[in-house]
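Here is a brief report on charged side chains and how they pair. Have the sequence and the model to hand.

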Amino acid sequence: MLKKMGEAVARVARKVNETVESGSDTLELRLEGNFLHRLPNEVSTLQHLKAIDLSRNQFRDFPEQLTTLPALETINLEENNIVDVPVEKLAAMSALRRVNLRFNPLNAEVRAIAPPLIKFDMLVSPEGARPPPP
C-alpha cells in the first residue's frame with residue numbers, strides 16, 4: 001500500500017511539474033492528509049513551486065528535498081511527527097516566507113537556534129501542545 005501511495009505522489013509531482021513548465025499559474029502542491037511519510041525525489045524538479053501543503057501527514061523527518069526549491073515561499077508541515085528541522089538550510093532559502101511546524105514534537109535545539117537564524121515566519125506550537133480533535 002505504501003508503494004502505491006508513493007507512486008501516486010510521484011504522479012502528482014510530475015503533473016505539477018508539467019503544469020509549471022507549460023506556463024500555468026498553478027504553483028501550489030496540496031498533499032495534506034494523505035498519510036505520507038516521505039516525498040518522492042521528483043519533488044526536487046519542481047523548481048517553480050511556490051507553496052506546498054503537507055499538513056496532517058506522517059512525516060518524521062523534514063523533507064529536505066524542499067530546501068532545494070529556489071522559488072518556494074510557503075511550507076506547511078502542521079500536524080506531523082517532525083522532531084528535527086534543517087534550520088541552516090531553510091535560512092539559506094531566499095524566497096522562503098513562512099514555515100508552519102505547529103503540532104510537531106520539535107526538539108529543544110530547533111526551538112533555540114531557529115529564531116536568530118531565520119528571516120521568515122516559523123510557526124510552532126508551545127512545547128507539548130496537541131492539535132484540536134478533528
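Aspartate 53 is buried, because its relative accessible area is 10% and the cut-off for buried is under 20%. This value, like the others here, comes from a predicted model. Aspartate 53 has a charged partner: arginine 30 forms a salt bridge with it, with 3.8 Å between the closest N and O atoms. The two residues sit in distant parts of the chain, 23 residues apart. Arginine 30 belongs to strand β1 (residues 28–30), and aspartate 53 to strand β2 (residues 51–53).

Side chains of opposite charge can pair when their charged atoms come close. How many salt bridges does the count come to? The count is 7 salt bridges. Three of them are set out below.

| Pair | Closest N and O atoms | Separation in the chain |
|---|---|---|
| Arginine 30 and aspartate 53 | 3.8 Å | 23 residues |
| Lysine 50 and glutamate 73 | 3.5 Å | 23 residues |
| Glutamate 78 and arginine 102 | 3.6 Å | 24 residues |

Next come glutamate 78 and arginine 102. This pair, too, links distant parts of the chain. Glutamate 78 is in the loop between β3 and α2. Arginine 102 is in the loop between β4 (98–100) and α3 (108–117). Glutamate 78 is buried, with a relative accessible area of 15%. Arginine 102 counts as partly exposed, at 32% relative accessibility.

Some salt bridges share partners. Glu28, Arg30, Glu32 and Asp53 are joined in this way into one network. The network thus takes in buried aspartate 53.

Which residues form a negative surface patch? The patch is made of Asp61, Asp84, Glu88 and Glu109. Among them, aspartate 84 is placed in the loop between β3 (74–76) and α2 (87–91). Aspartate 84 is partly exposed, with a relative accessible area of 47%.

Technical notes: Residues numbered from 1 in each chain as written. Predicted model: local features only at pLDDT ≥ 70, side-chain atom pairs only at ≥ 80, totals over all residues. Heavy atoms only, no water. Patch = residues over 30% accessible without salt bridge, like charges linked within 9 Å, V, L, I, M, F, W, Y side chains within 5 Å. Areas by Shrake-Rupley, 256 points an atom, 1.4 Å probe, with all protein chains shown as cover. Salt bridge = Lys/Arg side-chain N within 4 Å of Asp/Glu carboxyl O. Lys, Arg positive; Asp, Glu negative; His and termini not counted. Charge placed at Lys NZ, Arg CZ, Asp CG, Glu CD. Helix = DSSP H or I, 4+ residues; strand = E, 2+ residues; numbered from the N terminus. Buried < 20%, exposed > 50% of the residue type's maximum accessible area, 1.4 Å probe, protein only.
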